[in-house]
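Here are my notes for you. Please keep the structure open as you read.

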Amino acid sequence: MRTVAITGGTSWLGQALTNRLLSDEQLRLALTYLRPVEAERFEDRFGTYHPRIILRRVDVTDSPAVERFLAEVEETWGTISGLACVAGSWAGGTTVEQTSDLRLERMLDANLRSTFTMVRAALPYLRSADWARVVLTASRAAFDAPRDQAAFNIAKAGVVALGRSLAAELVKTEVSVSVLMPSVIDTPVSREAMPDADHSLWPTPDEVARVAEFLLSREAWVLNGAEVPV
């Protein structure tokens, strides 16, 4: 059996990906969360116990906490052969000039530092697997850079750069790296933040998760370094 770790596993996208991956009985999932309300929603959907799920509250910007989490997963199930970094956050409403140090720091922590910290800690486990896949979650905003959300754009551009760096470093290994580039994902949170937008243009969490599911599969080895718009 393979083990896939998912950061932000209780988010709307994390739950959709969990649901899809659980259909493969050869997969076990190790999930992190930060907000208890999301964990409650997750447990309402999947139950408080599932034999193929480890769910832990982890601040994925905290290196020691991440290392303890991965060590527990390895001790329980063996090495990790898949990693999906879904954890992230959005904040808009400010230009570059208006962006405070605190807002920039929060966006960098939530989107870039969280991804970097988990990837760095997971690499030894991924390399020890027969083959492994890494999926990072950036955003089309990293390329389109919509106005009035500078901190988010910058943080997600950093995730793209991280993906490119990883892909170049791992090109001669059995670990391949892809970066998801979704537009706004159709979730209740997104609708609340942008009530006047055309929601019909947004991909659903399940549609994005379907792409991530493929990128985590054995067949996706040919896509090392891919940046996939959704």
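What is the volume of the largest pocket? It is about 1400 Å³.

First, the ground rules. This is a predicted model, in which local features need pLDDT of at least 70 and side-chain atom pairs count only at pLDDT 80 or more, while totals for chains, interfaces and linings use all residues. Residues are numbered from 1 along each chain as its sequence is written, and side-chain values use heavy atoms, leaving out hydrogens and water.

1. A pocket is an open set of points on a 1 Å grid over the protein atoms alone, where a 1.4 Å probe fits, with protein on both sides within 12 Å along at least five of seven lines. Its volume is the space filled by probe spheres set on the points. Lining residues have an atom within 4 Å of a point. Here 44 residues line the pocket. Gly88, Ser89, Trp90, Asn111 and Phe152 lie nearest its centre.

2. Who builds that lining? Several elements supply at least two residues each, including helix 1, strand 2 (27-33), helix 2 and helix 6 (150-169). Helices (H or I, at least four residues) and strands (E, at least two) are DSSP runs, numbered from the N terminus. Helix 4 gives the largest share, 5 residues. By class, the lining has 20 nonpolar, 14 polar and 10 charged residues. Nonpolar means Ala, Val, Leu, Ile, Met, Phe, Trp, Tyr, Cys and Pro; charged means Asp, Glu, Lys and Arg; the others, Gly among them, are polar.

3. Second largest pocket. This one holds about 170 Å³ of space. Its lining includes Trp131, Arg133, Trp221 and Asn224. The lining divides into 5 nonpolar, 3 polar and 4 charged residues.

4. Helix 1 with helix 2. The axes of helix 1 (residues 12-21) and helix 2 (residues 36-46) come within 11 Å and cross at roughly 25 degrees. Axes are lines fitted to C-alpha atoms, for helices over the stretch in contact, and angles run from 0 to 180 degrees between N-to-C directions. The two helices are therefore roughly parallel (angles under 35 degrees). Trp12, Gln15, Ala16, Thr18 and Asn19 of helix 1 make contact (heavy atoms within 4.5 Å) with Glu38, Arg41, Phe42, Arg45 and Phe46 of helix 2. That contact has 4 nonpolar, 3 polar and 3 charged residues.

5. Helix 1 with helix 8. The axes of helix 1 and helix 8 (residues 205-215) come within 8 Å and cross at roughly 55 degrees. On the helix 1 side, the contact includes Trp12, Leu13 and Leu17; on the helix 8 side, Val208 and Ala212 are among the residues. This contact has 9 nonpolar, no polar and 4 charged residues.

6. Helix 3 with helix 4. The axes of helix 3 (residues 63-77) and helix 4 come within 9 Å and cross at roughly 35 degrees. Residues of helix 3 that meet helix 4 include Val66, Phe69 and Leu70. Among their partners in helix 4 are Met118, Ala121 and Tyr125. The contact divides into 8 nonpolar, 2 polar and 3 charged residues.

Definitions and conventions:
Parallel < 35°, antiparallel > 145°, perpendicular 65-115°, else oblique.
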